[in-house]
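Hi,

Here is the structure I promised to pass on to you. Please have a look at it first, and then read my notes below.

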Amino acid sequence: MSCWKYWPKIEEIAQKLENYGIDEIDDLDAVDLDEITSLLDEIEVIAHDDTIDFDSAKHILDDEKMNEALKLIRKFYLYIGARLETENAREIIDSDDPKATLDTFHFYERYHGLLTNESKLAHWHEDKTFVFVGSGPLPLTLILFREKFGCKCIGIEIQEDVAELSREVIRKLGLDDGIEIIVGDETSLKDIDFDILMVAAFAEPKERVFSNVWEIVDEKTPVLVRTYSGMRAILYAPLTDTILRGFHKEVMLLPIGNSNNTSVLLRKVI
């Protein structure tokens, strides 16, 4: 099916988002934030239209005018995602039932689809050490892999206040014996002994991140990444071959259900 039918809707949503102003978003009230989230939910419905093939989706992604709309949509998508994580993290810390509060996270079910895919990309067990670059305020990836496989989990988070918030979440959930959060960027990997590495979809700047990862990992270490493909790439810019130079794409698994991320297994090549 052609993607052309969505062009007016995407432009309309981008215009509405522009009226809010991304620079003023921290000052918006709850009603405005709910409206922004509702607009992004409409974008997700478009992104999840599996009748649009990859070639058709590229017409949107490669169009100069549409790209301006997508840049704005992606900024709001990134902001709202981070805000929802932060709010849920704080709710967990204040909760009498932290696990139930975690289950209410807006994207919780999607992570199970991601886990299903990513558990196929490496050999997970309790003797493995898993490192996640860009773990964020709500380290749900680390939590789920720790609970399912019992592996030691380490998150790397560049912002100290965000790292401390995620540590409080982990302590509240009683998982601090198996999950550690380090403050730093991807260069911190050189001081860690690990078996499996994952780079967050929102880890930036990607050129620097993957260049440093390439310098640090060996050819045997599985490097897992999350990217966006097909129509889901309207939500966030996908990884390019230029960014991933020096790595071989060994396996690529498309999203399951309402998940957004394509999961990719990379290996370093010399």
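A residue counts as buried when its relative accessible area is under 20%, as exposed when over 50%, and as partly exposed in between, using a 1.4 Å probe and protein chains only. By that rule, 53% of the 270 residues of the chain are buried.

Before the rest, a word on the source. This is a predicted model, in which local features need pLDDT of at least 70 and side-chain atom pairs count only at pLDDT 80 or more, while totals for chains, interfaces and linings use all residues. Residues are numbered from 1 along each chain as its sequence is written, and side-chain values use heavy atoms, with hydrogens and water left out.

**Overall fold**

The chain has 9 helices and 7 strands; these are DSSP runs, numbered from the N terminus, with helices being H or I over at least four residues and strands being E over at least two. Along the principal axes, the C-alpha atoms fill a box of roughly 50 × 50 × 30 Å. Contact here means heavy atoms within 4.5 Å. Among contacts between residues at least 6 apart in sequence, 73% join residues at least 24 apart.

**Pockets**

On a 1 Å grid over the protein atoms alone, a pocket is an open set of points with protein on both sides within 12 Å along at least five of seven lines, a cavity is a set where a 1.4 Å probe fits but cannot get out, and lining residues have an atom within 4 Å of a point. Grid points are joined across faces, edges and corners, and a volume is the space filled by probe spheres set on the points.

The largest pocket holds about 1000 Å³ of space. Of its 42 lining residues, Glu85, Gly134, Gly136, Pro137 and Phe202 are the closest to the centre. Two or more lining residues come from each of α4, α6, β1, α7, β2 (152-157), α8 (160-172) and α9 (206-216). The largest share belongs to α4, with 7 residues. By class, the lining has 22 nonpolar, 10 polar and 10 charged residues. For these classes, Ala, Val, Leu, Ile, Met, Phe, Trp, Tyr, Cys and Pro are nonpolar, Asp, Glu, Lys and Arg are charged, and the others, Gly among them, are polar.

The second largest pocket has a volume of about 410 Å³. It is lined by 21 residues, and those closest to its centre are Leu61, Tyr228, Ser229, Pro238 and Leu239. At least two lining residues each come from α3 (54-61), β5 (223-227) and β6 (247-253), with α3 giving the largest share, 5 residues. This lining divides into 12 nonpolar, 4 polar and 5 charged residues.

**Cavities**

How many cavities of 30 Å³ or more are there? The count is 2. The largest has about 80 Å³ of space, and its lining is made up of Thr37, Leu40, Asp41, Glu44, Tyr77, Ile80, Gly81, Leu84, His106 and Phe107. The elements giving two or more of these residues are α2 (30-47) and α4 (64-94). In classes, that is 5 nonpolar, 3 polar and 2 charged.

The second largest cavity has a volume of about 30 Å³. Tyr111, Leu114, Leu115, Glu118, Leu140, Thr141, Leu144, Phe145 and Arg226 line this cavity, with two or more residues from each of α6 (108-118) and α7 (140-149). Its lining has 6 nonpolar, 1 polar and 2 charged residues.

**Cysteines and a buried serine**

A disulfide is a pair of cysteine sulfur atoms within 2.5 Å, and the count here is 0.

Serine 135 sits in the loop between β1 (129-133) and α7. This serine is buried, with a relative accessible area of 4%. Leaving aside neighbours within four places in sequence, serine 135 is in contact with Leu142, Gly155, Ile156, Glu157 and Ile181.

Best wishes
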